[in-house]
Amino acid sequence: MARRGAGLKSTAVLACAILGLLSIKGLRTPQEIVWGLSAVAALSFLAGIPPLIFWRRSLLALPFCLVAFPLLFTHPGPPVAELFGWGISAGGLSQVAVIGGQCLLCFQVMQLAVCLKGPYELVEAVARLGCPSRLVDVLRLCLRYLGLVMEELGRLRRARQSRARKEPGLLFRARVTGNLVATLFLRSLERAERVELAMKSRGAQRGLRLSSSSPSPWGVAEFVLLGLTLTGLVGAWWNDWPW
Amino acid sequence: MILLALHIPDGFISLPVALAGWLLALPAMAVALIRSRDVEDRFIPLSGLLAAFVFAAQTLQFPVPGGTSGHLVGAALVTILLGPAMGMVVICSVLFLEALVFGTGGLLALGWNSVNMALVMGLLGSTVYHGLHRRGASLTLAAFSAGWLGTAFGSLVTCLELAVAGTSPLLFSLPAMMTTQSLVGVGEGLVTAGAVSYLARTRPDLIPKESSRATAAGYFVALLILLGALLPPEVYGLSAEQTLVRRYPGLVVAGGLGLVWVGLGLALKLFSRPEVKP
């Protein structure tokens with residue numbers, strides 16, 4: 001029962017995050033974006049996430065926001081300022097702020113979900129929301145072995161740095177990197193074979209599904225959650241949110 | 001700074017545009033999951049570990065002129081080595097985890113990101129590889145072309161999608177992204193070529209043969225891109241009276257890349273060594 005409750009919590013967090021992502025698309029002015037950012041910051045504070053860490057992580061979204069930058073110059077309207085000799089319109093400024101803000105907010109919402117439940121529980125929540133179990137098993141194994149494969153890559157890189165010739169040529173470096181990637185591919189294949197054998201030796205059935213991969217039947221709580229999500233979506237649509 | 005331009009984040013596209021991406025990606029993903037049943041017992045461990053491999057390989061960066069750096073995507077490489085179905089599953093799993101846990105890309109934009117990287121970069125890249133190799137190109141040249149053209153076409157499609165969404169004007173994004181991503185594509189192509197030629201030397205049994213279905217799927221993706229580029233300019237936020245280059249920029253760039261591809265084919269016909277049969 002407790003396990004089911006924990007699973008339900010992670011499902012609720014993911015469902016709320018998805019609902020949050022959909023709602024963010026409804027924010028149309030910089031003021032609304034500021035309200036959204038304040039709300040997410042307050043939620044993260046209430047969840048006990050140190051603000052400095054949360055905002056430092058949020059900086060990862062900045063390179064994406066740059067893609068909207070040209071709208072500063074191309075949006076029609078009288079120029080209110082100049083940059084590099086090009087006029088910036090008020091509409092363009094507002095649009096860049098809204099798109100960049102939406103991008104940052106979506107990033108923060110997903111980061112909040114990860115901080116609250118952790119990656120493994122989020123993948124379980126994806127399974128409970130109806131994602132095909134074969135795909136969920138792949139995600140689980142990927143997360144489980146990511147650290148090992150990264151360590152393997154680190155060892156290969158150290159070996160390359162200590163033993164490879166120091167030639168500055170682009171082709172040489174590309175070939176060495178290609179060899180490194182191919183070696184990592186081979187080692188991942190070998191590890192996959194070992195994992196397959198280990199799963200078989202532990203009695204895995206045909207298809208080698210992970211033991212917990214069969215989705216649990218939906219209970220009343222899941223249906224209530226789905227109903228609430230749908231109600232929220234219909235309510236938002238009814239209020240003519242600009243999606 | 002890492003160039004993340006091929007990942008469309010949430011917030012950049014409207015819901016109808018995001019939905020269109022999902023409508024394209026979901027059937028392809030379903031077909032990939034069904035087709036990968038051929039390797040039933042190995043499917044989950046193999047896909048899981050290779051998704052972790054792609055994740056790790058994406059941390060490898062190479063410098064791009066202009067003070068930035070690009071990172072390996074690995075879509076063409078994985079699709080060449082595993083075939084289109086497994087390749088698609090692996091790339092989509094990586095994209096899903098990136099969106100869910102690491103904040104690269106987004107859940108709403110996952111449909112378009114899957115189209116860009118799994119279908120265009122992966123499937124189209126693998127078709128380029130098999131097409132060139134069948135016509136006598138060396139493995140290295142074919143793999144390089146797959147990596148490079150896959151990246152170039154991936155960025156082209158990304159530009160078109162962002163223009164349709166009204167986020168990034170085509171007249172700015174197309175030259176900016178195509179220039180940088182073509183340079184990133186050279187790195188991608190070189191690493192793909194290095195990896196494929198190394199595997200061909202050490203484990204030739206891992207280099208798969210061409211499958212006609214996969215080639216057909218690759219041509220279908222190319223046809224979709226062509227049809228997308230032929231849409232009226234208003235769809236991409238351009239005015240109707242603009243010149244041909246501006247009117248059909250996607251088509252012009254695709255045509256240019258096609259000419260490059262033909263040039264590559266001619267070059268390899270001229271300079272390739274005759275095949276020695278045992």
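Mentor: A residue is called buried if 20 or more other C-beta atoms lie within 10 Å of its own, exposed if 12 or fewer do, and partly exposed in between, with C-beta atoms placed from the backbone. In chain A, 33% of the 243 residues are buried. The model is predicted: local features need pLDDT of at least 70, side-chain atom pairs count only at pLDDT 80 or more, and totals for chains, interfaces and linings use all residues. Residues are numbered from 1 along each chain as its sequence is written, while chains are lettered from A and ligands numbered from 1 in the order in which they are written.

Trainee: Which elements does chain A have, and in what order do they run?

Mentor: Helices (H or I, at least four residues) and strands (E, at least two) are DSSP runs, numbered from the N terminus. Chain A has nine helices and two strands, and from the N terminus the order is α-α-α-α-α-β-β-α-α-α-α.

Trainee: How many residues of chain A are in contact with chain B?

Mentor: Two residues are in contact if their C-beta atoms, placed from the backbone, lie within 7 Å. By that criterion, 60 residues of chain A are in contact with 53 residues of chain B. On the side of chain A that touches chain B, helix 8 of chain A gives the largest share, 16 residues. For classes, Ala, Val, Leu, Ile, Met, Phe, Trp, Tyr, Cys and Pro count as nonpolar, Asp, Glu, Lys and Arg as charged, and the others, Gly among them, as polar. That side of chain A has 44 nonpolar, eight polar and eight charged residues.

Trainee: How do helix 7 and helix 8 of chain A cross?

Mentor: Two packed helices are described by the angle between their axes and the distance between the axes. Axes are lines fitted to C-alpha atoms, for helices over the stretch in contact, and angles run from 0 to 180 degrees between N-to-C directions. The axes of helix 7 and helix 8 of chain A come within 10 Å and cross at roughly 145 degrees. Their contact comprises seven nonpolar, two polar and four charged residues.

Trainee: Is Gly83(B) buried or exposed?

Mentor: Gly83(B) is buried, because 21 other C-beta atoms lie within 10 Å. Gly83(B) sits in the loop between helix 3 (75-82) and helix 4 (84-102) of chain B. Not counting residues up to four places away in sequence, Gly83(B) touches Pro208(B), Ser211(B) and Ala214(B).
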